Amino acid sequence: MDVTDELVAKIARLSRLALGEEESAEMKEHFRKVLGFVSELESLDLEGVAPSLFALDASNVQREDEPAPSLPAGAALANAPAAHPPFFLVPRIVGDAGEPEMSP
Amino acid sequence: MEIRDRIRRGEMSALEAVDEALRQLDVVNPRLQAALQIFPDGARTAAAAIDRRLAAGEDAGPLAGVPFTVKDNFCTLEGHTTAGSRILESFASPYDATAVRKLKEAGAVCVAKTNLDEFGMGSSTENSAFHVTRNPWKTTHVPGGSSGGAAALAVSTGGMIHLGSDTGGSIRQPSACCGASGLKPTYGRVSRYGLVAFASSLDQIGPIQSSALDCALVLETIAGADPMDSTSRDLPVPRYADEAQQDIRGLRLGVPAEYFPEGIEAEVEEKVRAAIEVFREMGAEVRDVSLPHTRYANPAYVLVSAAEASSNLARYDGVHYGRRSVSASGLVDMYCRSRGEGFGAEVKRRILIGTFVLSSGYYDAYYLTALRVRNLIRQDFEKVYREVDAVVCPTSPVPAFPLGDRIDDPLKLYAVDVLTVPANLASLPGMSIPCGFTSEALPVGLQIYGRPMQDEIVLRLACAYQARTDHHLRAPPVCGWRGGEEGG
């Protein structure tokens with residue numbers, strides 16, 4: 001497939017990654033290489049082969065729904081870059097300060 | 001584990017054991033840069049507490065006073081948990097990973113955290129955001145990765161436990177490069193709670209030691225079900241150290257032709273084939289087997305691991321913990337810049353590839369295809385395990401390579417994982433042990449694959465081999481444990 005600047009920019013946007021110009025060019029080259037590397041898989045006949053996520057046959061595991069202590073709010077906030085206890089602080093998202101959300 | 005026995009017999013205090021570990025780290029770390037953080041004060045305080053309990057006649061645990069290190073992608077109450085990344089440079093975990101907690105409950109003492117490729121993404125430890133680690137056999141060479149710090153310390157120091165993690169070979173390949181014994185247990189054998197997630201269906205925690213028997217002792221301590229990790233299996237934990245010392249006569253070993261691929265270094269093949277003969281001499285039955293889809297494992301791994309990484313690493317948003325960009329305007333810009341500034345190049349590559357293969361229009365062609373191939377890899381092993389009890393092969397097609405040799409070409413670096421990724425894709429136990437040295441005095445790793453949840457068979461084969469050979473006992477030129485002298 002054709003790896004374009006637009007594709008890399010779109011994927012970077014979806015990944016929430018700010019890339020510099022040089023970085024974007026490097027990533028485009030990397031996409032080409034990786035897609036070349038994995039193209040070998042196209043030669044396989046996968047008709048009737050089910051996808052396998054885990055190779056062990058573990059089914060869903062649930063634990064009892066019992067209250068238990070969790071991380072205290074103070075400890076959870078201790079690593080926050082910005083906080084106003086008991087809240088995390090983020091840049092303003094209403095009004096015109098944020099850009100609109102994108103759909104994939 | 002000699003250090004454990006000496007403390008038990010009262011020949012050495014926990015504090016003396018920790019001081020000795022710290023002394024050795026002082027000797028080797030300036031040359032290897034294997035540890036990212038060392039905790040002299042905390043470790044000495046913890047050791048003194050163990051000594052007080054021992055003096056009072058209390059049971060201080062099966063590993064009382066034994067010093068340990070963990071790779072810096074394990075959450076610890078000590079120091080920071082960086083995962084080798086700038087984005088977590090100042091992150092202080094509010095809890096211990098389950099494996100860390102279990103070691104501490106057994107009486108072991110955390111002395112240091114070891115270097116790694118950022119988030120475990122790499123095979124040389126050159127992708128650490130902080131510094132490279134050097135190979136104790138040849139300091140111009142890489143220690144392998146991503147658990148390069150742990151593997152370098154496992155052979156250059158003595159009397160410590162080291163934990164690493166393995167997503168595509170990150171315990172086994174550095175063990176091969178450094179001449180250490182490293183076990184990636186079966187997926188689900190050890191809880192992953194508190195391990196910084198890279199690819200959740202592939203990640204597994206395991207020990208890297210100088211001997212397979214020590215790996216068995218460590219596994220015995222850290223294995224088991226954990227309510228905090230629903231993929232940890234609720235199956236009995238065998239006494240691995242006892243199991244590991246059982247006879248191997250009659251065990252059937254498969255040698256897959258596909259694991260001696262084109263491009264494998266002649267000396268690697270020669271040493272591994274010689275090791276297989278040792279198993280035959282000891283009474284194992286050796287036969288040729290075929291794992292026909294092996295060549296497709298690495299491309300499938302690249303896609304699956306990247307997909308899971310892109311999802312797992314979405315949590316680094318500059319909001320809850322980790323780095324936040326100061327130059328952002330607005331929320332989305334803050335996400336993008338924080339991540340753009342905080343992640344290294346290889347991590348960004350994998351996030352982008354992973355986002356791509358999961359994105360609308362490409363999901364079926366790439367991600368789903370890779371998962372189907374994953375099933376073929378698994379089926380290959382299921383077939384072979386009807387005839388044999390374990391598979392033996394090289395860990396890596398090449399020994400340790402010079403620093404800088406592969407880092408500029410990611411695909412060249414991915415290529416060294418070709419023989420280790422199948423264990424992760426098929427959720428199998430796999431182990432690397434040293435089986436000789438090249439003419440350049442670099443270690444060669446022998447890999448042993450077992451059936452799911454038969455880690456004890458893998459350990460048994462490794463222990464039997466080490467009872468017959470002495471490759472694992474050799475001291476590298478950079479060494480802190482032989483009377484504290486460097487030079488070898």
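## Surface patch in chain A

In this predicted model, A:V90, A:I93 and A:V94 make a nonpolar surface patch of about 270 Å². One of these residues, A:I93, is found in the segment after β2 (87–88) of chain A. A:I93 counts as exposed because its relative accessibility is 55%, where the cut-off for exposed is over 50%.

## The sheet of chain B

Chain B contains an open sheet of 11 strands with mixed pairing, in the order β1-β3-β2-β4-β6-β5-β10-β11-β9-β7-β8. Its edge strands are β1 (35–38) and β8 (285–289) of chain B, each of which pairs on one side only. From one strand to the next, the twist averages 30°.

Within chain B, strand β7 (residues 252–256) and strand β9 (residues 390–394) pair in the parallel sense, over two bridges. B:L253 has B:A390, in β9(B), as its bridge partner.

## Helices on the sheet

Helix α4 (residues 98–105) of chain B packs on the sheet and touches β2 (67–71), β3 (109–114), β4 (161–166) and β6 (204–209) of chain B. The direction of helix α4 makes about 180° with that of β2(B).

Helix α16 (residues 455–468) of chain B lies across β5 (181–184), β7, β9, β10 (430–437) and β11 (443–450) of that chain. Helix α16 runs at about 15° to β10(B).

Technical notes:
Residues numbered from 1 in each chain as written. Chains lettered and ligands numbered in written order. Predicted model: local features only at pLDDT ≥ 70, side-chain atom pairs only at ≥ 80, totals over all residues. Heavy atoms only, no water. Patch = residues over 30% accessible without salt bridge, like charges linked within 9 Å, V, L, I, M, F, W, Y side chains within 5 Å. Areas by Shrake-Rupley, 256 points an atom, 1.4 Å probe, with all protein chains shown as cover. Salt bridge = Lys/Arg side-chain N within 4 Å of Asp/Glu carboxyl O. Helix = DSSP H or I, 4+ residues; strand = E, 2+ residues; numbered from the N terminus. Buried < 20%, exposed > 50% of the residue type's maximum accessible area, 1.4 Å probe, protein only. Pairing = 2+ DSSP bridges. Axes fitted to C-alpha atoms, helices over the stretch in contact; angles between N-to-C directions. Contact = heavy atoms within 4.5 Å.
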